[in-house]
Amino acid sequence: MRPRGLIIAAALLLVLGGLVWWSNKSKDEGAGKAADPSKPILVAIPQDQVSRIEVKRAAGETTVLERKGAAWEITAPTPLRADQDAVASMVATAASLQSEQIVEEKAVNLGEFGLVPPAVEVTITDKAGKAHKVTFGDETPTGGSFFARASESPRVVTVASFTKQSLDKTAEDLRDKRLLTFDQDKLSRVEVTAKGRAIEFGKNNQNEWQILKPQPLRADTGAVEELVRRLKDARMETATEDDRKKAAASFASGTPVATARVTDASGTQEMTLRADKDKNYWAKTSVTEGVHKTSADLGESLSKGLDGYRNKKLFDFGWSEPSKIDIRDGTATHSWHKAGENWLDGAKKLDASAVNAVIDKMRDLAAASFPQSGFTTPSLEVSVTSNEGKRTEKVQFANTGKAWIGKREGEPALYEPDPNAVEELRKAIGAVTAAKPAVATPKR
């Protein structure tokens, strides 16, 4: 190493050593520093030790949350399922409640701070049964904070507005607003009845969605997953008692849209959807009380017909690379197989880019419609082996003169792709030729 390099390296070591020293010194100083006495802690409980939270309002209901095993439940003003994420956020705030600053060490007149009676009173109870009560009063004159007081202390302090807001929650704020509560990962059946026709979906051995009713058909996995997502994300939008009364009346007089049933490991849940004349959608389910307004997107998704859920692709190999392709186009036949990175016809090496063009055409081939008849004697047959030899698909095509009708081996369904797409596939097949020999690089 050159002297200049040694000097630079030594300088860097000194700088790094100084940073480490400063970091350790700061940690030591921080470890010995006491909490800021001007910002006293109002509540300090480990989150997993909080067992009950009661929120009492001077004007309004009292909300009570209780931990039942690993989950939280709303027990007052009426028993309701709780939104576990919303409650977890509230518990995190309640368990470690810190003030901003002390206003008075020993307040004599609590009324001047809005603390008698308090606007909100929050009681946090731990597993040992000890209750920690914090009262919240008026907003401070400068805004952004509220006066507060812990029952164990004579001090009046201020807390940040967001702290008070995160605890000042109603049962409606904290309730589980999902209309259906199924476990998406354990879902095995979905049934939708709309416009007098039932469509049922189920999982096959590969955990892929298939259409079971009105007849066994390949399903568009993306379309079924979107339906499941909309059912999973369906939320109640009504809040007040007046809203609920209006919702019930609108549902009673509404036009039936669809009924959805979902089955997971815990059983079957059901949702009935209706629409009013203004295209508002109202839902009633087997897991929630009453009727609730929900999104138009859900209604539109449940109204989709059978073809909207069918797999339009003629081939299922997707983005997995085929290892063997057999083709018969009229009297011409081809049998290609892959060896390493090369495509071969027997022992003849093929132009790989031309074969890949054929694969792309097959991959994109999709039905524009699903005819009920029209398949006659096939004049084009394509067989593709993929997934390391585990999947073989054979599709036959019959030419009616105006259209090409496709049929997958072992399935009754018929597919009518764009005729131009089939012709493009045939052209791509005809364009596959032997690979050009490598040009030797002359030695210098």
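Which strand order does the open sheet of nine strands have, and with what pairing?

Analyst: Happy to walk you through it. This is a predicted model, so to speak of local features a pLDDT of at least 70 is needed and side-chain atom pairs count only at pLDDT 80 or more, while totals for chains, interfaces and linings use all residues. Residues are numbered from 1 along each chain as its sequence is written, and side-chain values use heavy atoms, with hydrogens and water left out.

The open sheet runs S5-S4-S3-S2-S8-S9-S10-S11-S7, with antiparallel pairing. Here strands (E, at least two residues) and helices (H or I, at least four) are DSSP runs numbered from the N terminus, and two strands pair if DSSP finds at least two bridges between them. At the edges sit strand S5 (80-81) and strand S7 (101-104), each of which pairs on one side only. Helix H2 (residues 84-95) packs on this sheet, where it touches strand S2 (50-57), strand S3 (62-68), strand S4 (71-76) and S8. The direction of H2 makes about 90° with that of S2; such axes are lines fitted to C-alpha atoms, for helices over the stretch in contact, and the angles run from 0 to 180 degrees between N-to-C directions.

Within the sheet, strand S8 (residues 120-126) and strand S9 (residues 131-139) are joined in the antiparallel sense by six bridges. One of these pairs Val 120 with Phe 136 in S9. Strand S9 also holds His 132, a buried residue with a relative accessible area of 12%. (Buried means under 20% relative accessible area, exposed over 50%, and partly exposed in between, with a 1.4 Å probe and protein chains only.) Not counting residues up to four places away in sequence, His 132 touches Val 43, Ile 45, Val 122, Thr 123, Ile 124, Asp 126 and Glu 152; contact means heavy atoms within 4.5 Å.

The term stands for a side-chain nitrogen of Lys or Arg within 4 Å of a carboxyl oxygen of Asp or Glu. Glu 105 lies in the loop between S7 and S8, and Arg 155 in the loop between strand S10 (145-150) and strand S11 (156-160), so this pair ties together parts that are 50 residues apart in sequence. Glu 105 is partly exposed at 43% relative accessibility, and Arg 155 is partly exposed too, at 27%.

Strand S12 (residues 189-194) and strand S16 (residues 255-264) run antiparallel, joined by six bridges, and Val 192 has Ala 260 in S16 as its bridge partner. S16 also runs antiparallel to strand S17 (residues 267-275), through nine bridges. Thr 263 is partnered by Thr 268 in S17, and the two strands form a hairpin with two residues between them.

Helix H5 (residues 221-233) packs against this region. Its buried residues are Ala 223, Val 224, Leu 227, Val 228, Leu 231 and Lys 232, and they pack against S12, strand S13 (197-203), strand S14 (209-213), S16, S17 and helix H7 (296-302).

What gathers here is nonpolar. The largest nonpolar core has 62 residues, and Val 190, Phe 201, Leu 231, Leu 302, Phe 315, Trp 336 and Met 362 have the most contacts inside it. Such a core is a set of buried Ala, Val, Leu, Ile, Met, Phe, Trp, Tyr and Cys residues joined through side-chain atoms within 4.5 Å. Leaving aside neighbours within four places in sequence, Leu 302 is in contact with Val 192, Ala 194, Leu 227, Leu 231, Ala 258, Ala 260 and Leu 273. A second, separate core of 30 residues includes Leu 42, Trp 72, Ala 94 and Val 122.

Lastly, back to charged pairs, of which the salt-bridge rule gives 31. One of them joins Arg 426 and Asp 329, at 3.0 Å from N to O. Arg 426 lies in helix H9 (residues 419-430) and Asp 329 in strand S20 (residues 324-329), so the pair ties together parts 97 residues apart in sequence. Arg 426 is partly exposed at 28% relative accessibility, whereas Asp 329 is buried at 17%.
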